[in-house]
Amino acid sequence: MGIARERYEALRGVRAQFLDVARLAAQLTLPYLIKYDSDYTETHKRLITPWQSVGAKCVTNLAAKLMLSVLPPQTTFFKLQIRDDQLGQEMDPTIRSELDLSFSKIERMIMDYVNGQNDRVVIHAAFKHLIVGGNALLYMAKDGMKNYPLNRFVVNRDGDGNIIELVTKELIARNVLASDLPVGFFKDKINPVSNDTAGVMNSTNDEGVEVYTYVRMNKQRTQWIWHQEVFDHIIPGSRSTAPKDASPWIVLRYNVVDGEDYGRGRVEEFMGDFRSLEALTKAITEGSAAAAKVVFLVSPSSTTKPQTIADAGNGAIVQGRPDDVGVIQVGKTADFKTAYEMIGQLTQRLQEAFMILNVRQSERTTAEEVRLTQLELEQSLGGLFSLMTTEFLVPYLKRTMLVLQRSGQLPKIPKDLVRPQVVAGINAIGRGQDFQSLTGFITTIAQTMGPEAIQKYIAGDEYIRRLAAAQGIDVLNLIKTQQQLQAENQQQLQQQEQVEMTKQAGQLASAPMNDPSKNPALNAQLENESTDETAAQETGSA
């Protein structure tokens with residue numbers, strides 16, 4: 001027996017209890033997500049669909065919200081920042097601005113690569129598995145990402161929760177496997193007509209062959225090594241390695257329980273409500289169908305024949321007595337009402353638990369109330385966002401940057417000076433709280449102390465920057481710097497000085513009109529005034 005299949009068989013016993021719970025949770029929500037290994041060997045097996053659709057709605061809604069929170073569209077989920085603790089001195093603002101501009105370009109390059117891949121589709125499917133089964137495995141290959149359901153992989157962790165080894169199991173068609181493997185290896189190791197226990201599913205070339213992938217840490221715990229096996233033989237060229245902090249294998253858990261190798265799903269936490277809702281919905285549906293059935297009863301002693309009632313058309317006139325004919329009635333209206341009210345309570349509880357926004361139906365419901373309700377729902381899953389940040393976003397970002405650097409699409413970034421910081425997930429919730437606090441703070445000041453207090457005590461540029469950061473807006477080249485503001489103020493002062501100089505020049509230009517030697521009319525007026533004054537003086541002396 002090969003080491004990969006041996007370890008898979010040894011570890012699947014520990015996984016059995018988690019797989020049973022995950023499959024039960026899938027039957028109440030999305031039955032196609034998680035199956036047993038035997039389900040893949042039976043062709044056209046019909047899945048058992050639930051009686052209610054609340055579970056499917058809850059799972060898809062929460063998965064979509066997680067997707068938008070972890071990988072928000074039209075923006076980056078991380079920022080590249082200079083580590084000031086490694087510089088030893090304060091950096092010049094001009095150099096920091098140029099570095100921020102370069103980092104912004106690198107961030108856009110990474111996001112363009114992510115948007116060009118199928119990562120969002122696969123991650124959304126992985127979030128569904130996390131919510132239902134509590135576990136998911138992502139593999140970041142060169143040509144795209146792949147998701148493994150819980151029934152296709154096993155893991156082994158140490159006491160701290162770190163993965164020691166990982167084994168995956170896949171079913172690959174024989175003809176596809178034959179085209180990927182060396183011709184000699186395929187002929188020597190695979191017998192198309194045999195049906196041994198080493199992995200052949202049947203004798204046809206279209207059926208699947210079991211391929212195992214064994215992943216583990218090396219003895220020094222510095223890198224990951226893995227290989228693939230088919231029929232207990234290592235496939236040539238399947239060996240590969242990866243750094244410890246940039247592994248393409250990302251194992252996700254929804255809820256972490258100390259001492260357990262696997263996580264617990266969100267549906268498992270509310271399994272009681274889901275099962276109660278399923279039973280009540282089934283009872284209501286079957287009871288409503290029975291109540292909707294119309295059956296007429298004709299008294300045996302009646303002269304009215306049942307065939308007469310059956311053949312009578314709408315509005316027909318037949319002979320008979322009304323007392324001889326009756327209708328069967330269920331008479332369970334009160335019981336149905338009790339069950340229906342319980343279904344409403346269960347549905348409301350589950351929708352609140354899975355972040356489905358239920359707005360209060362009222363004429364006075366405001367947009368602020370809706371926003372606060374949505375923020376409260378997001379804060380209720382703060383632990384999940386923290387787990388997604390540490391177990392998914394950080395490894396995903398490091399692996400993506402490593403792939404781009406190896407392919408030459410991204411320049412080498414010094415790790416000791418530049419640190420990528422995740423701004424999505426739990427940090428996005430923190431920004432929402434900061435935005436609420438900032439707006440409440442400025443509103444309180446305006447209402448209690450007046451707008452004059454804001455202009456006197458609040459630094460407007462700093463408030464704008466913090467408000468932009470709280471909403472996740474990149475302020476680079478958007479908000480004016482202090483240097484730009486000073487330059488504009490200086491320019492305005494210069495313009496005002498030019499206006500004053502122009503006015504003074506105009507006044508000087510009009511000065512000759514007030515000079516008697518250069519203005520004859522003014523000179524004649526002054527001479528007349530002087531003559532009158534002289535005559536008055538002579539008259540007074542006489």
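The model is predicted, so local features need pLDDT of at least 70 and side-chain atom pairs count only at pLDDT 80 or more, whereas totals for chains, interfaces and linings use all residues. Residues are numbered from 1 along each chain as its sequence is written, and side-chain values use heavy atoms, with hydrogens and water left out.

Glu-210 lies in strand β6, residues 208-217; helices (H or I, at least four residues) and strands (E, at least two) are DSSP runs numbered from the N terminus. With a relative accessible area of 12%, Glu-210 is buried, on a scale where buried means under 20%, exposed over 50% and partly exposed in between, using a 1.4 Å probe and protein chains only. The strand β6 is mostly covered, 9 of its 10 residues being buried.

## Strand pairing and the hairpin

Strand β5 (residues 163-173) pairs with β6 in the antiparallel sense over 9 bridges, two strands being paired if DSSP finds at least two bridges between them. Within this pairing, Val-167 stands opposite Tyr-214 in β6. The strands β6 and β7 also run antiparallel and are joined by 7 bridges, and the bridge partner of Tyr-212 in β7 is Glu-229.

The strands β6 and β7 form a hairpin with 5 residues between them, and Arg-221 in the turn has a positive phi of about 55°. Most residues other than glycine have a negative phi. Arg-221 is partly exposed at 37% relative accessibility. Met-355, also not a glycine, has a positive phi of about 60°; Met-355 lies in the loop between α11 (333-353) and α12 (367-379) and is buried at 2% relative accessibility.

## Salt bridges

A search of the whole structure finds 13 salt bridges, a salt bridge being a side-chain nitrogen of Lys or Arg within 4 Å of a carboxyl oxygen of Asp or Glu. One of them joins Arg-253 and Glu-391, whose closest N and O atoms are 3.1 Å apart. Arg-253 is in strand β10 (residues 249-253) and Glu-391 in helix α13 (residues 382-406), so this pair ties together parts that are 138 residues apart in sequence. Arg-253 is buried at 6% relative accessibility, and Glu-391 is buried at 18%.

Another salt bridge links the side chains of Arg-266 and Glu-269 at 3.2 Å, N to O, and both residues lie in helix α8 (residues 266-269), 3 residues apart, about one turn of the helix. Here Arg-266 is buried at 12% relative accessibility, whereas Glu-269 is partly exposed at 40%.

## The chain as a whole

The chain has 18 helices and 13 strands, and buried residues make up 35% of its 542 residues. Among contacts (heavy atoms within 4.5 Å) between residues at least 6 apart in sequence, 67% join residues at least 24 apart. The chain exposes about 32300 Å², of which carbon and sulfur atoms supply 52%, with accessible areas taken from the Shrake-Rupley method with a 1.4 Å probe and, for residues, only the protein chains shown counted as cover.
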